[in-house]
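Subject: Structure handover and notes

Dear colleague,

Please find the structure below, together with the notes I promised you. I would be glad if you read them with the model open beside you.

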Amino acid sequence: MASLYVLLAAVVLVILRSLSTARSRSQRAKSLGCLPVNKYPHTHLLGYDLYRARLKAVLDGRRNGFDRELFANYGATYQERANLSTIINSTETANFQAVGATQFQVFGRDTRRAAAPFFGCGILSMNGPEWKQTRDLVTPLFKRAELLDIEYFKKYVDRLFALLPLDGSTVDMQPLLQKLFLDSSTEFIFGESIDSLRDTTTKSQDFLQAFNAALAGAGKRLNMGGAFSFIYAFDKSWEKSYTQVHAFIDGRIKKYYEKAAEKEPALEGSRRRYVLLDGMVKHFPDPVELRFQLLNIFFPARDTSAILVSNALFLLARNPQYWKELRQEALKIQDEPITFELLKGLHLFRYTLFEAIRLLGPSGQVRRIALRDTTLPRGGGPDGSAPVFVRKGTGVFLNNFPKMRDTDVWGDDIEAFRPNRFEGKVLTWEFTPFFGGPRICPAINQVISQSVYLLVRLVLRFEMVENRDECLEYIEATRMLVESRNGIKVAFHLDAT
Ligand code: HEM
């Protein structure tokens with residue numbers, strides 16, 4: 001009986017304490033001028049109604065469009081429930097800037113991660129001083145690599161070109177570009193390419209399958225939220241896939257140490273490509289820690305650039321007049337040595353890539369969690385212009401896709417592919433496909449210069465590109481990122497006549 005009274009007293013205490021916290025939060029919110037944020041009208045207590053509707057949109061190949069509708073219906077900032085968590089979704093520039101820069105310290109990555117066995121601890125999962133230490137190490141490594149990168153990237157582009165049909169027959173560029181960037185990024189990160197463009201065995205394909213399965217398993221667990229991920233406790237297939245990925249990276253690390261012991265350069269040639277593993281090994285002597293750090297860089301590198309160039313080709317094949325314009329610009333510089341600086345100055349190429357990102361991505365959500373009670377500058381009140389109070393633990397999901405179709409910023413023809421809309425535009429937080437602030441993508445310059453280089457080579461080689469996909473629309477396939485479900489089916493012509 002006594003223990004029942006103790007239990008009752010504890011319950012009462014918890015209730016009183018949470019009432020008092022709620023009261024002081026509400027006073028604080030009032031004093032900060034915060035107003036309530038619009039809420040999604042859930043019909044299910046744990047928010048499964050919206051979860052199911054999103055899943056259907058994903059299966060229908062229209063996840064981005066569905067998100068856009070949600071923002072149109074419930075406001076540019078609205079709140080939803082996902083299991084036991086509260087999430088504030090926003091597509092407002094001011095909120096991007098607050099989360100990414102002005103209140104950067106308050107919004108961190110969610111470290112209670114159901115997917116931790118796969119991703120471990122690395123730049124993507126860390127916050128605070130731990131993250132800063134890794135970031136300070138990684139940023140100069142990317143900067144140093146940028147300057148030397150193109151001559152090494154060229155080798156992979158040559159290999160891709162050897163696979164392109166010259167007789168005007170149809171080719172799906174999406175898988176080929178995935179292989180190209182996979183080969184180049186594995187060399188950049190691990191010092192040895194997976195060589196998928198030349199692989200006649202199933203080795204690279206097996207690795208990719210394991211990686212995709214590991215990602216899918218991580219995605220399922222993350223979507224269920226940490227509290228419910230126990231439902232996958234008996235599913236051992238995920239462990240099998242991520243162990244295969246870990247073994248691949250561990251193998252690369254082992255080889256690195258073997259080569260270092262033999263004092264053998266990791267690559268042929270007088271100027272070695274700058275390799276991330278070289279720069280990281282001194283700072284992470286523990287091989288397991290090093291594995292997770294490398295995986296945290298390899299994961300965002302894997303398909304992103306390939307999807308970007310694929311999307312640019314998707315749009316160019318449907319708007320061939322821009323291919324002509326790019327070719328004219330490239331012909332002007334065809335005899336010059338291609339350097340990082342030269343690529344930086346090719347504005348029309350850069351605008352073409354930006355316009356492809358604006359229309360089709362890849363630039364999914366940036367997800368954060370409030371590390372303490374705080375506010376967001378916009379989203380409160382009937383017109384959404386007041387600040388919003390954000391309780392500690394609330395998820396804040398920033399969505400780039402609707403932001404890149406804001407008519408106030410981009411004009412009325414937002415659905416049109418018009419690269420020169422970027423001309424003379426000074427954009428900061430309005431255009432954030434690589435995010436911004438201290439956590440901006442460290443690979444931004446590498447991605448743009450490699451992609452510009454590849455487009456330059458393509459327009460110089462081929463006078464024309466032709467769409468060979470019967471479906472003109474972009475149907476999405478959503479894995480961790482969104483790509484084209486139908487691939488990028490085109491034909492290249494050496495001669496436009
Ligand atoms: C089109 C290509 C790419 C796009 C659009 C892109 C976009 C982004 C975005 C939006 C973020 C911020 C994510 C967040 O904070 O939640 C990010 C972070 C990151 N990206 Fe990229 N990325 C691309 C390619 C790459 C490549 C090729 C690499 C590596 C070689 C890379 C490495 C990273 C890393 C390590 C971070 C984490 C930075 C940190 O947390 O400090 N990305 N990227």
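This is a predicted model: local features need pLDDT of at least 70, side-chain atom pairs count only at pLDDT 80 or more; totals for chains, interfaces and linings use all residues.

Residues are numbered from 1 along each chain as its sequence is written, and side-chain values use heavy atoms, with hydrogens and water left out.

The ligand

By that convention, the shell around the ligand divides into 17 nonpolar, 3 polar and 4 charged residues. In total 24 residues surround the ligand, and the closest are Arg109, Arg135, Arg368, Arg439 and Cys441; a residue is counted as near a molecule or strand if one of its heavy atoms lies within 4 Å of it. Trp131 has a polar side-chain atom 2.9 Å from an oxygen atom of the ligand, Arg135 likewise has a polar side-chain atom 2.9 Å from a ligand oxygen atom, and an N or O atom in the side chain of Arg439 is 2.9 Å from an oxygen atom of the ligand. The elements that give two or more residues to this shell are α6 (128-161), α11 (287-301), α12, β6 and α18 (444-461). Helices (H or I, at least four residues) and strands (E, at least two) are DSSP runs, numbered from the N terminus.

Strand β9 and its partners

Which strands pair with β9, and in which sense? Strand β3 (residues 85-90) pairs with β9 in the parallel sense over 4 bridges, whereas strand β6 (residues 365-370) runs antiparallel to β9 and is joined to it by 5 bridges; two strands are said to pair if DSSP finds at least two bridges between them. Phe397 of β9 stands opposite Asn89 and also opposite Arg367. Strand β9 (residues 395-399) is mostly covered, with 5 of its 5 residues buried, where buried means under 20% relative accessible area, exposed over 50%, and partly exposed in between (1.4 Å probe, protein chains only). In a regular strand the side chains alternate between the two faces of the sheet. In β9, Gly395, Phe397 and Asn399 point one way, and Val396 and Leu398 point the other way.

Gln365 lies in strand β6 and counts as partly exposed because its relative accessible area is 25%. Leaving aside neighbours within four places in sequence, Gln365 is in contact (heavy atoms within 4.5 Å) with Arg63, Asn89, Phe397, Leu398 and Asn399. The C-alpha atoms of Gln365 and Leu398 are separated by 5.5 Å, although the two residues are 33 residues apart along the chain. The side chain of Gln365 also makes a polar contact of 2.9 Å with the side chain of Arg367; a polar contact is a pair of N or O atoms within 3.5 Å, where within protein one must be able to donate a hydrogen and the other to accept it, and residues adjacent in sequence count only if both atoms are side-chain atoms.

The sheet of β5, β13 and β10

An open, antiparallel sheet is formed by 3 strands in the order β5-β13-β10, and its edge strands, each pairing on one side only, are β5 (171-172) and β10 (464-467). Strand β13 (residues 489-493) is joined to β5 by 2 bridges, with Val171 opposite Val490, and to β10 by 4 bridges, with Val465 and Phe492 as bridge partners. Strand β13 is mostly covered, since 4 of its 5 residues are buried.

Glu415

Glu415 sits in the loop between α17 (407-410) and α18, and counts as partly exposed because its relative accessibility is 48%. The side chain of Glu415 makes a polar contact of 3.1 Å with the side chain of Arg68 and another of 3.1 Å with the side chain of Arg405. Glu415 and Leu359 are 56 residues apart in sequence, yet 7.2 Å apart in space from C-alpha to C-alpha.

With best wishes

Technical notes: Ala, Val, Leu, Ile, Met, Phe, Trp, Tyr, Cys and Pro count as nonpolar, Asp, Glu, Lys and Arg as charged, and the others, Gly among them, as polar.
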